[in-house]
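Subject: The structure for you to look at

Hi there,

Here is the structure I wanted to pass on to you. Have a look at it first, and then read my notes below.

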Amino acid sequence: MAKKTQKTHKGTKKVLNVRQSGSITTGHPGHRHNTGSKNAAFNRNKRSKSSLSKADTNRLKRAIDTL
């Protein structure tokens, strides 16, 4: 009988990016549409990526199954 394995959560894998060091980055919400009515500082800050905390990284490693 085959061993059951954890499948990768595809939605999570599409949103997160795993760096070579093992840290996980993700984008900011609120920057995809209607940006013309938002001020320039908001749009500029949302353009950058953000790193997940160590606790969130450990929790999501099992979900994306790439580490």
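pLDDT is the predictor's confidence in each residue, on a scale from 0 to 100. Over the protein the average is 88, and 96% of the residues score at least 70. Helices (H or I, at least four residues) and strands (E, at least two) are DSSP runs, numbered from the N terminus.

A word on the ground rules: this is a predicted model, in which local features need pLDDT of at least 70 and side-chain atom pairs count only at pLDDT 80 or more, while totals for chains, interfaces and linings use all residues. Residues are numbered from 1 along each chain as its sequence is written, and side-chain values use heavy atoms, with hydrogens and water left out.

Now to the sheet. Three strands make up an open, antiparallel sheet in the order E1-E2-E3; two strands count as paired if DSSP finds at least two bridges between them. Strand E1 (17–18) and strand E3 (50–51) are the edge strands, each pairing on one side only. Two bridges join E1 to strand E2 (residues 24–26) in the antiparallel sense, and Val 18 stands opposite Ile 24 in E2.

The loop between E1 and E2 holds Gln 20. Gln 20 is exposed, with a relative accessible area of 87%. (Buried means under 20% relative accessible area, exposed over 50%, and partly exposed in between, using a 1.4 Å probe and protein chains only.) From C-alpha to C-alpha, Gln 20 and Arg 47 are 21 Å apart in space, and they are 27 residues apart in sequence.

Which residues of H3 are buried? They are Thr 57, Leu 60 and Ile 64. These three lie on the same side of H3, because they cover an arc of only 80 degrees around the axis, taken from the directions from the helix axis to the C-beta atoms. They pack against helix H1 (10–15), E1 and E2. Ala 55, Arg 59 and Arg 62 are exposed on the face of H3 turned away from the buried side.

Thr 57, in helix H3 (residues 54–64), is buried with a relative accessible area of 6%. A polar atom of the Thr 57 side chain lies 2.8 Å from the backbone oxygen of Ser 53. Leaving aside neighbours within four places in sequence, Thr 57 is in contact (heavy atoms within 4.5 Å) with Gly 22, Ile 24 and Leu 52.

Best wishes

Note on methods:
Polar contact = N/O pair within 3.5 Å; in protein donor to acceptor, adjacent residues only side chain to side chain.
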